[in-house]
Amino acid sequence: MSGVLDPLRLKAREAKRLLVDGEVSAAELTKVYLDQIAAVEDRVHAYVLVTSDNAAKYSTKIDREMQAMRGPLAGLPVAVKDNMVTEGVTTTCASRILHNYAPVYTATAVRRLWDAHVVMLGKTNLDEFAMGSSTENSGVQVTANPWDLATVPGGSSGGSAAAVAAGEALWALGSDTGGSIRQPAALCGVVGMKPTYGAVSRYGLIAFASSLDQIGPLTRSVYDCALLLRHIVGKDPHDATSVELPFEVELPEGDRLDGLTVGIPGEYLALGIEPGVRARFDETVALVEELGGRCVEISLPHTEYALPAYYIIAPAEASANLARFDGVRYGHRAEGAADLREMYERTRGEGFGAEVKRRIMIGTYALSAGYYDAYYGRAQRVRTMVRRDFARAFEGVDLIVSPTSPTVAFRAGSRTDDPLAMYMSDICTIPANLAGLPALSIPCGLSDGLPVGFQLIGPAFSENRLLGAAHALEGALGFETAPSFRDSSASAVAGEARS
Amino acid sequence: MTAWEPVIGLEMHVELDTETKMFCGCAVTKGDPPNTHTCPVCLAHPGALPVVNQRAVEYATRIALALHCTVPARNVFHRKNYFYPDLPKAYQISQYDEPLAVDGWFEYRVGDETLRCRIDRVHMEEDAAKLVHAGGEAGRIAGSEYSVVDFNRGGTPLIEIVTEPDIPSPAAAREFLQQLRALVIELGVSACSMEEGQIRWDANISVRPAGSDELGTRTELKNMNSFRFLQQALEAELPRQAEVLEAGGRIEQETLHFDPDTGLTTPLRSKEEAHDYRYFPEPDLVPLEMDPAWVEEVRAALPELPAARIERFVTQYGLSRQDASVLGAQRPLAEFYEQVVAQGVDAKPAANWTMGEYLAHLNAAGLEPGHGFVTPERLAKLVALVAEGSISSSAGREVFARMVEDRAEPGEVVETHGLGQISDEAALEELVARVVADNPAQAEQYRGGKQQVLGFFVGQVMKATEGRANPKLVSELLRKALA
Amino acid sequence: MITDDDVRYVARLARLRLEPDEAERMTGELAKILGHIDKMSELDIGDVPPTAHVLDVVNVLRRDAPRPSLDRADALRNAPSVADDSFRVPRMG
């Protein structure tokens, strides 16, 4: 077996080559990740459930039946965010209300990966029902950022991002409603992509906001991202809002950006971007120009209204999507309720965490009699204005770039008392969800030792253009740093000082 | 005292006879063991999504067109949010301000009158599951200890038809519903089985001073599936409202329950405050754009509608509008009638016999038109026998009755029971002569100017022939003999 | 802005039991969030239409052909309470 199997650095492309060349077996490859999980999981807590037995058995089977079980993804180990249902494997959505839910079917995107013979390592942690930007809203556990265990990995796909960054998975699936793939990818120094709305089936993705949710990859390289995306896109008869992409997702190759016009929206840079993040962003923009791209200033005038619109639309849809968690057919049911109403109220009171309750309340309020026009109705019209901003901008540029997150990973507990402050983490990512546009984040450097993400947004169905540009930029950036698992919290530092 | 007039509107829900449910591929069935036709979608499992049933859209469009509705270019689904155990998503996917169809009408007969009721809208939604209250008293909510839910029915395509408050009386409400149900059955989209609850309705009831235009506060009777109870409930509620208003009181807008045993309407124990349904467009479903060419195809494929058929009967068969309405309103009787005429008999006598003896026979025997021994061919034969004078009209009625009883052909019955009409002039002349000779006093009276005495002589001849003499001929011959 | 009564009404509508301290905190938090959301009212919306779907897709329909249903055992597998092969719930009350 080769000595280069460093789980913190191995990419899918190389792993596949090693498998194909017989330098490593599927079982050995899976074991690398299971070993890494054993080594660091007690510090990172990325996984809600590690399916180590199944993974070991399945990877062994792949080795045995290599003729039958082959293909571009066969044998490659993946982690799946625990808001995608997986038949035979408990799926909790990181919520007490689903703590014991045994799915009776599998999400289409996951099914497609299983059919391609990936090895599922387990289900990763998330903010409960994907509502959050730090994974601190998880009803199961808090995930730590492997770059500094005292900081958050971002959210809501914090578990998936941390797992990939920590070498606990080769790559992972996450979901993005307001930035929940891109923002944790940025905070954890990995690649994360949200495809065009409709590109990946939502069947089996536990719904948060139906008109905004999309499943996407978190990976260690843009190439890997394209490789994973290729296998999960496509119209699904089970999802009426899924569409066939008008093209095939290509594996990116180029290393130049000649002929590419890139727009920089002034409004995003005015959103409280911290200096270190801004510095890395500016350097990356300079790199774009070095690679032959042309950068121009653009305006997306309604940017500041995107967040308020999102915080009506998403909770409103969520309030309806989460109403099915009523204790009747699955999940938690409150004990000893005297009647139905009490059963409903206590089940949901006991089963949902604080942030989920807040959002259900806002959403219900926004839709309630007399408030629809002022809130939901208005928000959907603001949404149209945001879409039109992008449409107009894309008449003059090929891609739009911005920092992914205004800050690097923040300290755990530093925003949990202030929901609004937490919501601000998503100001750069939310607009792309409102407009249904594809967007991805790539690591572009460090600030104070923590990763900074660079976001690229494209017009609908411009995945290949995005991936091609990101790949070229990634090559030039040469970001190869891996997390150190340091812990800057006072107790850890004190502990170090004492020892 | 004011005269109060009833103002009634109806809201009907019809379950469609599609193969599968509205939003998933589970089979639509009846009577199978509980929870054997479910899936993640109709059980509202996390992550499940709806997909619209194409045939349901087609069937809904048929109903809309048969009710003369406008089908707008576009319609969308909305979520209607509320909590109940038979609603697994805690919202029903329905339609709100952009429904499938609007602004139609339906004509129906009440006694001799044809009334028209405007249709406000027709839209698509999904049925709830079946909730059964256990423990406690005979399936009633009050006193039950727990309930159980069977999701087999949940998700069945449901069409909602809402009328304007154009229905003027309890009897009219009953007729409207029965005739609308017959129409829907004719369209082939639902068997509208009453026992299986495939058609249910709510009634909105108010009263207003006779001749007024304004609408008063209305009460609502929900979820009924008996025509008789509807009529009774309306007959109880309307006077109650009139009484309250007459005494200067107010009508409360409430949902009522009708108890057929007491004949009283009482407010339903209010489970909760009025529903705030928080409608918003269903994000999991894309809009439907109704291709006009496709809509025309559906219209062209509609069976002949009652209104059109009644018109045709007037022009094609020369029937009065009244007769045409009786015969033409529903397909089975209309088809029977046309088959009788097709045998070659005249339209008008065929109409009289179909509306008269035949319809009475169906009612008495509890048969549907076209069923039983009296086929169009047999009735036509009977009509022909009368028309050609082989039997008298009154003998014809006897032939009909015996035909049914003996299950024998009309001709046979005439033979067997000697019901043939005697039209042999020579034989009758002889008989007439004898009768006149036997009754000199009456002959004297007739000749003296008392024309009505002829009836006596006709009666005598009929008696002597056991009613079989051709009355017209007898009259003629008597006049000659008495002249 | 949003009052305690509003919070109580909405919690009932959403079937969420809030403990008294939860409800109190909730009113404050929601008020703050709604305050931020009210920023939207600054905008002159004009006659901009709402976006119900970002996709430009219509008429996604399914053929009316039956697909296999779940085995009853699977349908009831997660049920917190079962009676008569059905999902059991407490009385209406």
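## About the model

The model is predicted, so local features need pLDDT of at least 70 and side-chain atom pairs count only at pLDDT 80 or more, while totals for chains, interfaces and linings use all residues. Residues are numbered from 1 along each chain as its sequence is written, chains are lettered from A and ligands numbered from 1 in the order in which they are written, and side-chain values use heavy atoms, with hydrogens and water left out.

## A helix in chain A

Helix α7 of chain A covers residues 222–232. Helices are DSSP runs of H or I, at least four residues long, and strands are runs of E, at least two; both are numbered from the N terminus. Nine of the eleven residues of α7(A) are buried, so the helix is largely enclosed by the rest of the structure. Buried means under 20% relative accessible area, exposed means over 50%, and partly exposed lies in between (1.4 Å probe, protein chains only).

The buried residues include V222(A), Y223(A), D224(A) and I232(A). Just after α7(A), G234(A) has a positive phi of about 130 degrees.

## Two domains of chain B

Chain B has domain 1 (4–298), domain 2 (304–416) and domain 3 (425–482). These bounds come from an automatic or database domain assignment. The C-alpha centres of domain 1 and domain 2 of chain B are 37 Å apart. Eleven residues of domain 1 of chain B contact ten residues of domain 2 of chain B. Contact means heavy atoms within 4.5 Å.

The two domains bury about 800 Å² between them, with 58% from carbon and sulfur atoms. Buried area is the accessible area (1.4 Å probe) that two parts lose on being put together, summed over both. R109(B), D112(B) and E186(B) supply 55% of the area that domain 1 of chain B buries against domain 2 of chain B. Two salt bridges cross this interface. A salt bridge is a side-chain nitrogen of Lys or Arg within 4 Å of a carboxyl oxygen of Asp or Glu. The side chains of R309(B) and E186(B) form a salt bridge at 3.3 Å, N to O.

## Chain C against chain A

Here 57 residues of chain C meet 64 residues of chain A. Together the chains bury about 5,500 Å², 67% of it on carbon and sulfur atoms. There are five salt bridges between chain C and chain A. The side chains of E29(C) and R358(A) form a salt bridge at 2.7 Å, N to O.

On the side of chain C that touches chain A, α1 (4–13), α2 (20–37) and β3 (86–90) of chain C each give at least two residues. The largest share, nine residues, comes from α2(C).

## Chain C against chain B

The side chains of R55(B) and D64(C) meet in a salt bridge at 3.0 Å, N to O.
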